[in-house]
Amino acid sequence: MEIKENEYSIEFSQDFTVPAETLFEAWTVPEKLKQWWYPMENSLSDVKNELEDGGEVLYEFEKKEFRVTGKYQQVRINEKLVYSWEWDFSNDLPDERYILTIGFEDKESGSILHVKQEGLPGEAAALPHQDAWKAALGSLKGFLENSSAQKYTV
């Protein structure tokens, strides 16, 4: 997927008290991801993460109302992921296509997660995504730092 000049992007960073390696595992290992990520109150039923350049991304959900597919453009283990992020909806909602860049940075007292989402049609369209990222990163933080997942719902 190519991002056009006039498309909008959003960026977030979140500090964690765990090392970047632990953060990377929570983001990519299916059984860990299933414990903290619940978009639109849907639990993951199946996750495929082929962590290599050109590798496939597939997230399927219990309610079967949508799925996420994509392809890794760049994989640097414990450091950076760049991939297409495509929401395929089974209802009347339009499908959505984005590029995600996820950075995992070690720091003295833990790590920082950097998220960039490209391909939004404008600032107004970005608002629900900003809310969703805030909730998801809060859920991830709760999972990693409190040893219990706090379900993220938007």
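How many of the ten residues of strand β5 (residues 80-89) are buried? Eight of them are, so to speak, under cover, where buried means under 20% relative accessible area, exposed means over 50%, and partly exposed is anything in between (1.4 Å probe, protein chains only). The model discussed here is a predicted one, in which local features need pLDDT of at least 70, side-chain atom pairs count only at pLDDT 80 or more, and totals for chains, interfaces and linings use all residues. Residues are numbered from 1 along each chain as its sequence is written, and side-chain values use heavy atoms, with hydrogens and water left out.

Now for the overall layout. The protein has three helices and seven strands; helices (H or I, at least four residues) and strands (E, at least two) are DSSP runs, numbered from the N terminus. Walking along the sequence gives the pattern β-α-α-β-β-β-β-β-β-α. Of the 154 residues, 42% count as buried. The protein exposes about 8200 Å², and carbon and sulfur atoms supply 44% of that; these areas come from the Shrake-Rupley method with a 1.4 Å probe, and for residues only the protein chains shown count as cover. Among contacts (heavy atoms within 4.5 Å) between residues at least 6 apart in sequence, 45% join residues at least 24 apart.

The seven strands form an open sheet in the order β1-β7-β6-β5-β4-β3-β2, with antiparallel pairing; two strands pair if DSSP finds at least two bridges between them. At the edges stand β1 (8-16) and β2 (44-49), each with a single partner strand, so one side of each has no neighbour in the sheet. On average, neighbouring strands are turned by 20° against each other, direction ignored. Angles like this run from 0 to 180 degrees between N-to-C directions, and axes are lines fitted to C-alpha atoms, for helices over the stretch in contact.

Back to β5 and its partners. Most residues other than glycine have a negative phi. At 24% relative accessibility, Asn78 counts as partly exposed. Strand β6 (residues 96-107) also pairs with β5 in the antiparallel sense, over eight bridges, and Trp85 has Tyr98 of β6 as its bridge partner. As for β4, strand β3 (residues 56-61) pairs with it in the antiparallel sense over five bridges, with Val57 standing opposite Gly70.

What about the helices? Helix α1 packs on the sheet, touching β1, β2, β3, β4, β5, β6 and β7 (110-120), and its direction makes about 155° with that of β6. Helix α3 packs on the sheet as well, touching β1, β6 and β7, and its direction makes about 15° with that of β1. The two helices also meet each other: α1 (residues 20-28) and α3 (residues 123-146) pack at an angle of about 120°, with axes 11 Å apart. That makes α1 and α3 oblique to each other, since angles under 35 degrees count as roughly parallel, over 145 as roughly antiparallel, 65 to 115 as roughly perpendicular and the rest as oblique. The contact is made by Thr22, Leu23, Ala26 and Trp27 of α1, together with Trp133, Leu137, Leu140, Phe143 and Leu144 of α3.

With 52% relative accessibility, Glu41 counts as exposed. Asp53 has its place in the loop between β2 and β3, and with a relative accessible area of 53% Asp53 is exposed too. Leaving aside neighbours within four places in sequence, Asp53 is in contact with Tyr72, Gln73, Gln74 and Val75. Asp53 and Lys71 are 18 residues apart in sequence and 8.1 Å apart in space, C-alpha to C-alpha.
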